[in-house]
2 protein chains.
Amino acid sequence: MNGSGTAPAVPRPAYRRLSVEQRRSQLLTAALGLFAQRAPEDVSLDDVAAAAQVSRPLVYRYFPGGKQQLYEAALRSAADILEGCFDEPEDGPLTQRLGRALDRYLAFVDEHDAGFSALLQGGSVVETARTSAIVDEVRRTAAEQILHHLGAASPSPRLRMAVRTWITAVEAASLIWLDEDKRPPLDELRDWLVDHFVALLTATAATDEQAGRVARSALAMETAEGPVGELARRILPIVADAAHLL
Amino acid sequence: MNGSGTAPAVPRPAYRRLSVEQRRSQLLTAALGLFAQRAPEDVSLDDVAAAAQVSRPLVYRYFPGGKQQLYEAALRSAADILEGCFDEPEDGPLTQRLGRALDRYLAFVDEHDAGFSALLQGGSVVETARTSAIVDEVRRTAAEQILHHLGAASPSPRLRMAVRTWITAVEAASLIWLDEDKRPPLDELRDWLVDHFVALLTATAATDEQAGRVARSALAMETAEGPVGELARRILPIVADAAHLL
């Protein structure tokens, strides 16, 4: 219509055509990134729109429940990632499998530090019975996967309690690690958590028959060069001084 | 003044004259009793007034902030009790002191079951940054008291992490115990938690010098008849099968 004198065609912002699923996942990724870095109360829908380079109404169209809905959806996707951490092929010594699972879990903690703390330390404005249930589901899934690796699909109450308390110990250690400026280095933290597991399983084996069988077969798969060999050799001199106990 | 014809003196409801402090403490005791048995959302100020046999306005006069204020005050008094649990004379083997502290802690859990679960499981309507801070203070105090008993006033980061993660393990085990209809019997749970502590301290001693010193001197105080002696004798045959690790 209007010929000469028209401004040269300005490139429009590159709104990519995304499917509903792709758009949803793009918004969730942006949200998870923000919730990872800040407490939920410090993240607004405007921030999410800006991070995803979309309009605020678009964010609302996908999450009409506002921030609470977005937060729960982001938490859901974080839960899926965390539940994947303990999914591990069933071969090799148990401590190797556990070490690899912990590497993935701790990498997630490292990457989503502020959000991980805010979520687990409680008292956040977005915390509800629903968000607590999601967190609890992650713990339960991790416990089931570990029990599966132990070959204990129907665990004794004591063995299940041992695994579940170890998982809360992993969480607590992760929070302390974040609180202490990410010290010690992640691989030391991982090794200590593996040692913690071995020690707890062995102590539980002392009074629980099934834990005893599980511990024996787990120990049989370990090698002298692996973490249990090293742990055993380091503990020996400490225990040797306590011969009066035997 | 009015002589005959007066109605006989009807005994008035026994409103005892209480000091402000006594009244406050009476209301808190009633509230703690209710919060112990039900989730906070299921306790009203009317219930508290009824339990303390006082009027609702009186409850409001003492707690003008309503249920939230009452809940926080009740939590504060529960925190004081819990912090007292780990206060223990410094003599005898460490496992004996730990066992006595756990007996007190677990008795509290047993008595305040519903409230303990609601508080620690999160997602409650009365949970705020302030209530989380009170819970956290209990954990920190317990950790300091245990480190004190270990003779580690300035603990290494690893030793402090071990003690703090064990405390969350105690919490988690208490919640699981409540969830599983209070099984196993409390004394078995206590003994297992003590074993857990000994195992974790020993495993931590493998890679931390201070934990090593602490573990050696703690083991030196234990007796063959005590829990560590029993633990050691029960673990020996399990570990003996794993001689290939040494």
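The legends below describe close-up views of a predicted model with two chains, A and B.

**View 1. The interface between chain B and chain A.** In this predicted model, 58 residues of chain B are in contact with 58 residues of chain A. Together the two chains bury about 4,800 Å² between them, and 67% of that area lies on carbon and sulfur atoms. Three residues, B:Met161, B:Trp192 and B:Leu245, supply 16% of the area that chain B buries against chain A, which is more than any other three residues supply.

**View 2. Polar contacts and salt bridges across the interface.** Between chain B and chain A the count of salt bridges is six, and 17 residue pairs, with both residues at pLDDT 80 or more, are found in polar contact across this interface. One salt bridge to look for joins the side chains of A:Arg216 and B:Asp241, with a distance of 2.5 Å from N to O. In general, side chains of opposite charge can pair when their charged atoms come close.

**View 3. The elements on the side of chain B that touches chain A.** Across the interface of chain B and chain A, where 17 residue pairs are in polar contact, the elements of chain B that give two or more residues to the touching side are α7 (129-149), α8 (157-179), α9 (186-205), α10 (209-221) and α11 (227-240). The largest share of this side, 13 residues, comes from α8(B). Sorted by class, the side of chain B that touches chain A has 32 nonpolar, 14 polar and 12 charged residues.

**View 4. The axis that relates the two chains.** The same surface serves both copies, as 100% of the contact residues of chain B recur in chain A.

**View 5. The annotated domain of chain A.** An unreviewed UniProt entry lists residues 21-81 of chain A under the name "domain: HTH tetR-type".

**View 6. A salt bridge within one helix of chain A.** Over all chains, the count comes to 42 salt bridges. One of them is formed by the side chains of A:Asp136 and A:Arg140, which meet at 3.6 Å from N to O. Both A:Asp136 and A:Arg140 lie in helix α7 (residues 129-149) of chain A, where they are four residues apart, about one turn of the helix.

**View 7. Backbone details in the loops.** Most residues other than glycine have a negative phi, and most peptide bonds are trans. In chain A, however, a cis peptide bond joins A:Arg183 and A:Pro184, with omega about -5°, and A:Pro184 lies in the loop between α8 (157-179) and α9 (186-205). In chain B, the peptide bond from B:Arg183 to B:Pro184 is cis, with omega near -5°, and B:Pro184 is found in the loop between α8 and α9 of chain B. A further detail is B:Gln53, a residue other than glycine whose phi is positive, near 55°; B:Gln53 is found in the loop between α2 (45-52) and α3 (56-62) of chain B.

Note on methods. Residues are numbered from 1 along each chain as its sequence is written. Chains are lettered from A and ligands numbered from 1 in the order in which they are written. This is a predicted model: local features need pLDDT of at least 70, side-chain atom pairs count only at pLDDT 80 or more; totals for chains, interfaces and linings use all residues. Side-chain values use heavy atoms; hydrogens and water are left out. Contact means heavy atoms within 4.5 Å. Buried area is the accessible area (1.4 Å probe) that two parts lose on being put together, summed over both. A salt bridge is a side-chain nitrogen of Lys or Arg within 4 Å of a carboxyl oxygen of Asp or Glu. A polar contact is a pair of N or O atoms within 3.5 Å; within protein, one must be able to donate a hydrogen and the other to accept it, and residues adjacent in sequence count only if both atoms are side-chain atoms. Ala, Val, Leu, Ile, Met, Phe, Trp, Tyr, Cys and Pro count as nonpolar, Asp, Glu, Lys and Arg as charged, and the others, Gly among them, as polar. UniProt positions are given in the numbering used here, feature names are shortened, and annotations may be inferred rather than shown by experiment.
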